[in-house]
Amino acid sequence: MKPPAPLLPRVLLDPASALGLRPLEWDLLLRQARRGVLLAKLAVLLKPWLAQVPPGPRHHLHAALMTAERQAKLTHWEVSRIQAALQPLDVEPILLKGTAYLMAGLPASEGRVFGDVDILVPKARIADIEAAFLAHGWNFQDDLDTYDERYYREWMHEIPPLTHEDRGSSLDVHHTILPPSARIQVDTAALFEDTRELAGLPGVHVLAPVTMVLHSAAHLFHEGELEKGLRDLFDLDALLRDFGRDPAFWAELAPRARKLGLSRPLSLALRYTTRWLGTPVPSEVLAAVSTGVPAYQPLLDACYDRALMPDHPSCDGPLTGIARLALYVRSHWLRMPTGLLLQHLARKAWMRMRPTPEAAAEA
Amino acid sequence: MKIRDLPPGDVRRRLARGDLVLKVPPFVARLRSDVDRVAEDLKLLYADFELGTTDDFADFHLEVLREGGLRRWVKPMARFFADGEPAFSPLPAEQGFHMVEWGLNWAVSTMAHPYLSYHAAALERDGRALVMPAPPGSGKSTLTAALAHRGWRLMSDEITLYDLATGQVSGMGRPVNLKNVSVELIRQFAPQAELTRPVPDTAKGTLALMKAPEQSVARIMEPASPAWIVMPRYTAGAGPALHDMPKARMLLLLAEQAFNYDLHGRRGFEATADLVDRCECLDFEYSTLDDAVRRIDQLAAEAR
Amino acid sequence: MQEPLWTVHRPGDICWRDWDGLGAVYDDGSGDTHLVDALAIEFLELLSRQPLSVAQLLEQLADAIPVEMDADTATALFDRQLRGLRDLGLVTTVTATA
């Protein structure tokens, strides 16, 4: 498989340039975007010019927008169901990742594809919480074998992922933001101290801006690898641009990272968002988190290998216009509906948002 | 240029290079395969379909490629890829084109968003469309194949597209799926029907695909006004009987059989409600194809 | 004791169509579509206009209640229907204003 041309990042950074693309380039662009889980993002960025996009690609972009919009609506519902299940327990969950961006109305939620809901809850209440979810229609996977279950419970100290029996939605219940096996140990108690309660949804929280960014950075560079690549980098960029309008955010960022033990991921995150996406980060913040050249060189090498990059990115200063990016795209399907038979009164709305070719073959 | 206009060997060559760009309005599929059987079946089933050029934008890139290894010679297996991602377990290479069809179904069902797409067959007569939603095992495909050779224009067997703006339905003129006894039944019922060589012993039994008649494909861009929504139920020994089905129930049934109903949200609900509102909603029990076709023809002849 | 008033929950999300005694209700919030009977449709119609108590519903739908059904049975029937609709998230109770 030949390495992807840097078409996708080029267009994401300069959307108007897409208008000059030939049909075959559109073809490649959309396929790259889909695999990078960035089709909806691309569609949002191209919105001002959508009418000028040729009909073939335009349908795909429009479909991506429709899907993102629909998923957002269903995510709202999902969160309301989660709140209803936990309220009698007096447990106030903290929403994480994409769900948090959406429910908090953050720009980072635009063009995002929503799938699993991730929540953070106090470790001490895990047993009660698990029971509550099971009582409200969530189940564990049928085919979860004992090894998998032990892996989750004993090794990851988590309950296995839950799926709702009617809606088909997925729920991951965490009590830490990094697995205990991670090299970095996060002070979880500190996370609960400083959250933001959602207006209109009492008892449901999101992380404070600085913590949200640190969490995103921690996952982006967990184990020193670019796990989810460009998509997650765009998330981080969006968060930084939005929160960064407040100088107090920047003042708190490095000190908080130190307190939580997340200085290194933050340093890597800021390095890559500034270099690749031109995220405006004050130089004093960059200096404060800098950990020196040797730390990132192996990372860069690893990135390039996995990114199948034809060229090396420019190492001279910040990104200007179009530059070569190390692109690590992981294959992923944009989650979309399928014709599953549903129960009489309820529809597996989420299952419909995640079709597989296998399911279509069953029809 | 149509597939049938290509010089001998060209289909196979284009498929091998991944240069076969097939127009299946409203979509364009780019196909690649190194399996001879895929070329053979494609030539038969899509003979009347137009080709695009390799510079065209393609909505889907579908591939059926031989698996390597020792098995390659003993029992060749093939794997399906959609946009570079594998899907389905590898299957005997002779099922290659069935994989293409499943893959196309899936691709279309995930993409048909300007339309509401239903898992249903559709046939047209005198400008009016008969829509048959049906879960597997209802005999829908057999009935569709039969009607397609008795004066009804085949629009689709699997995926019917409903235009929210115009209220018209359309199809893609793609092959009809036949299984087990239906293969022979249709051969008897319509000797002129063009079928692929049946593939025995698949997980679903013996499979064959029936080409859409040339007239159907020629008129594929013509939508039709939906007039009847009929739920067929093959019941051994049953005389043909059409019964009214409550519209609300048909609405739910259609919603169940729709691919992108949820995506359209409220519009999907209202459009489906309008559809059942405008159409006669019927339940159809039958056992022989002759009876079934006669009864459906009668339905079409009755004044509305 | 104030009788609770029933109302359509999230009117912006919920819509319905009905034919001959059966109806379909769509809930845009959950993405669910429900098959319901004529009585449920009547409830939705009435409750979408203003919040009503069970007693008020009985009054308004008096013509729909079979002659031989006594008041208690009718009340119980209505109550059960409303709770069913509430379980589906389609209706909810609001506290009555004095």
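Residues count from 1 along each chain as its sequence is written, and chains are lettered from A in the order in which they are written. Local features need pLDDT of at least 70, side-chain atom pairs count only at pLDDT 80 or more, totals for chains, interfaces and linings use all residues, and side-chain values use heavy atoms, with hydrogens and water left out.

Within chain A, confidence is highest in strand S7 (residues 205–207), at 96, and lowest in helix H14 (residues 293–307), at a mean of 47. Helices here are DSSP runs of H or I with at least four residues, and strands are runs of E with at least two, numbered from the N terminus. Over residues 301–349 of chain A the pLDDT is below 50, though the model gives this stretch 141 contacts beyond near neighbours in sequence; a contact means heavy atoms within 4.5 Å. Where pLDDT is low, predicted coordinates should not be read in detail.

Now look at Thr211(A), which sits in helix H9 (residues 209–220) of chain A. Thr211(A) counts as buried because its relative accessibility is 1%; the cut-off for buried is under 20% relative accessible area, with exposed over 50% and partly exposed in between (1.4 Å probe, protein chains only). Leaving aside residues up to four places away in sequence, Thr211(A) touches Leu191(A), Arg256(A) and Leu260(A).

Over in chain C, there's an open sheet of three strands in the order S2-S3-S4, with antiparallel pairing. Strands pair if DSSP finds at least two bridges between them. S2 (14–19) and S4 (32–37) of chain C are at the edges with a single partner strand each, so one side of each has no neighbour in the sheet. Six bridges join S3 (residues 22–27) of chain C to S4(C), and Tyr26(C) stands opposite Thr33(C) in S4(C). Helix H1 (residues 38–49) of chain C lies across S2, S3 and S4 of chain C.

Finally, find Val91(C) in strand S5 (residues 91–94) of chain C. Val91(C) is buried, at 1% relative accessibility. Beyond residues up to four places away in sequence, its contacts include Trp6(C), Leu44(C), Leu47(C) and Leu82(C).

Conventions
Axes are lines fitted to C-alpha atoms, for helices over the stretch in contact, and angles run from 0 to 180 degrees between N-to-C directions. pLDDT is the predictor's confidence in each residue, from 0 to 100.
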